[in-house]
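My entries follow in the order I made them.

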Amino acid sequence: MRLMSRKDEELYAQLVELAGGKSDIVMEVLSQPNRRSVDLGTVVDEILQKKRELAAKSRESVAVSAASSSTYVPG
Amino acid sequence: MSIAWSTVIVVVMLLPGFLFLTGFYFPEKVTRESAPISPLGQLSSVVGIAFLLHAIFYCIINFIAYPGGLPFVRPIAIDHFITVLRVDSGTMQPAVAALEEMFNQHALRILTYFVSTSGTGFLMGWSIGVLIVKGPLRSLASHRWIYHLIDGTSAALGLVRAHVLSKTSHSGRVIVYDGIVEEFYANANGTINHLVLKDAHSGILEISDNIPVRHANRMTIASNDQEPIQFLVLTSDDIANLYFERIPAVVTTDAARQKLQEALDGERRSSAPTGEPQQASIRPVDTDNSG
């Protein structure tokens, strides 16, 4: 028995694409506790917000690693 | 010849019962064996349903439709039917000519009768099957939990997530899988036959003295999340047990779909390779400077 219809698959694929191919983000947003249903618009907002947070974290870690490599003085 | 003729007649008479069972299992997409009964039990239900339908049609035709003067309708003659059933015995030979005439005259009526009874049998079975799957008669189902998974999937995006404890273990560590359930089939005894997961991840569950600990690190099995055809198939040989979890349904409206489309367009624009600056850097050679 198929639990995912074609329509479900299409919508899910669009959400994953919006999340930059990261299905983890979609799953995290969709699985948020304490709600029985959620509006698609809210899901879109939350995915974009999550993406921005991850991108900021990634930039932060790149900046930290760049800073640590620039202060490295050999021998 | 004698055995074959009787068998043909019995099969034709039991057709509404057989089609009832076919219709009964038709809406059931999880397993064709969810209501396992012995072959003898199945045969007795086929016989019972077929006789019930013939009795109902007999009463309708002989006591309502024919006395009511409906055109095309003729009463069912039981004595003729008994003759048909025994037509190949030696003593019934004189009746064959009369039967031939009867068949020639009423072939269309006989055909209509059997198509109607068989169709009614199928529709009755299908209706009961739908009522079991959709809810009102679900108490008749052997394994109701299977249908609970289907309940929310009619929503715009009603996904079910499965956490699977596999049978693969090493030094007190067991592999666990999780993902969105794309398909599943159950056996007659209610166990999972096989499970198909989309966007599957694997992880480790460690069995300690106090409680089992699930490691936070999960690994995606797919090499490319955007590849549309990627799923994990697990059979009952791989599954120790599994936990289903319904994901909140996503309600869509036209405005929300428009918003998603706009966000996707923005995403595609920002991730598209920017070729314009490179084209601008390639300039035709200015030959006027030579002069």
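I count a salt bridge where a side-chain nitrogen of Lys or Arg lies within 4 Å of a carboxyl oxygen of Asp or Glu. This is a predicted model, in which local features need pLDDT of at least 70, side-chain atom pairs count only at pLDDT 80 or more, and totals for chains, interfaces and linings use all residues. Residues are numbered from 1 along each chain as its sequence is written, chains are lettered from A and ligands numbered from 1 in the order in which they are written, and side-chain values use heavy atoms, with hydrogens and water left out.

**Entry: a bridge between chains**

I looked up Lys259(B) and found its side chain in a salt bridge with Asp45(A), at 2.7 Å from N to O. Lys259(B) sits in helix α6 (residues 254-271) of chain B and Asp45(A) in helix α3 of chain A, so this pair joins two chains. Helices (H or I, at least four residues) and strands (E, at least two) are DSSP runs, numbered from the N terminus. For accessibility I use buried for under 20% relative accessible area, exposed for over 50%, and partly exposed in between (1.4 Å probe, protein chains only). Lys259(B) is partly exposed at 30%, and Asp45(A) is partly exposed at 39%.

**Entry: the interface**

How many salt bridges does the rule find across the interface of chain A and chain B? It finds 3. I noted Lys51(A) with Glu267(B), whose closest N and O atoms are 2.3 Å apart.

Contact, meaning heavy atoms within 4.5 Å, takes in 34 residues from chain A and 40 residues from chain B. The area buried between the two chains is about 3400 Å², and carbon and sulfur atoms give 62% of that. Buried area here is the accessible area (1.4 Å probe) that two parts lose on being put together, summed over both.

I then checked strand pairing, which requires at least two DSSP bridges between two strands. β1(A) is joined by 3 bridges to strand β8 (residues 249-251) of chain B, and the two run parallel. Asp39(A) has Val251(B) as its bridge partner in β8(B).

**Entry: salt bridges within a chain**

Over all chains the structure holds 10 salt bridges. Arg35(A) forms one with Glu46(A), the closest N and O atoms being 3.0 Å apart. That pair links distant parts of the chain, with Arg35(A) in the loop between α2 and β1 of chain A and Glu46(A) in helix α3 of chain A, 11 residues apart.

In chain B I found Arg161(B) bridged to Asp178(B), with 3.3 Å between the closest N and O atoms. Arg161(B) is in strand β1 of chain B and Asp178(B) in strand β2 of chain B, 17 residues apart. Are these two residues buried or exposed? Both Arg161(B) and Asp178(B) are buried.

**Entry: positive phi in chain B**

Most residues other than glycine have a negative phi. I recorded Ser171(B) with phi near 50°, a positive value. Ser171(B) lies in the loop between β1 (160-170) and β2 (173-186) of chain B and is exposed, at 64% relative accessible area. Asp199(B) also has a positive phi, about 50°. Asp199(B) lies in strand β3 (residues 192-207) of chain B and counts as buried at 7%.
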